Amino acid sequence: MEEERRTEFRMLADKEVHVEWVVGSRSCLGTIVDLSLSGARVTVETPIDVGETIDLFFDNRQRCFRCTVVRSHGQEIGVVFDLPVDR
């Protein structure tokens, strides 16, 4: 049995999102599979490489969360939410 490494509670979700790459002009649709305070598991139409920075748009583009892809397996990715930097 694999050891659980997550530090945050995850809850199941089924929420459509619009995914945009921060660098370049690519985008695709996705679905949030599960969600926590620190990240999410997302299925996407187009595979996305680990290390990519993306924006996830929720609620008809009313909310946006910047993320970094930390896991990628085919059309499923794991992301961590990038925290805003105090300036």
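## The second largest pocket

In this predicted model, the second largest pocket has a volume of about 150 Å³, and strand 1, strand 2, strand 3 and strand 4 are the elements that each give two or more residues to its lining. The lining comprises 14 residues, and those nearest the centre of the pocket are Glu-16, Val-17, His-18, Leu-29 and Gly-30.

## Strand pairing around strand 1

Strand 1 (residues 11-21) runs antiparallel to strand 2 (residues 27-35), to which 8 bridges join it, and Glu-16, one of the residues nearest the centre of the pocket, has Thr-31 of strand 2 as its bridge partner. The two strands form a hairpin with 5 residues between them, and in the turn Gly-24 has a positive phi of about 100°.

Strand 1 is also joined by 4 bridges to strand 4 (residues 53-58), again in an antiparallel arrangement, with Val-19 standing opposite Leu-56 of strand 4.

## The largest nonpolar core

Val-19 and Leu-56 return in the largest nonpolar core, a set of 17 residues in which they, together with Val-42, Ile-48, Ile-54, Ile-77 and Val-79, have the most contacts. At least two residues of this core come from each of strand 1, strand 2, strand 3 (39-44), strand 4, strand 5 (63-73) and strand 6 (76-81).

Leaving aside residues up to four places away in sequence, Val-42 touches Val-17, Gly-30, Thr-31, Ile-32, Val-33, Leu-56, Gln-75, Glu-76 and Ile-77. Among these contacts of Val-42 are Val-17 and Gly-30, which also lie among the residues nearest the centre of the second largest pocket.

Notes:
Residues numbered from 1 in each chain as written. Predicted model: local features only at pLDDT ≥ 70, side-chain atom pairs only at ≥ 80, totals over all residues. Heavy atoms only, no water. Pairing = 2+ DSSP bridges. Core = buried A, V, L, I, M, F, W, Y, C linked by side-chain atoms within 4.5 Å. Buried < 20%, exposed > 50% of the residue type's maximum accessible area, 1.4 Å probe, protein only. Contact = heavy atoms within 4.5 Å. 1 Å grid on protein atoms, 1.4 Å probe; cavity = no way out; pocket = protein on both sides within 12 Å on 5 of 7 lines; lining within 4 Å. Points joined across faces, edges and corners; volume = space filled by probe spheres on them.
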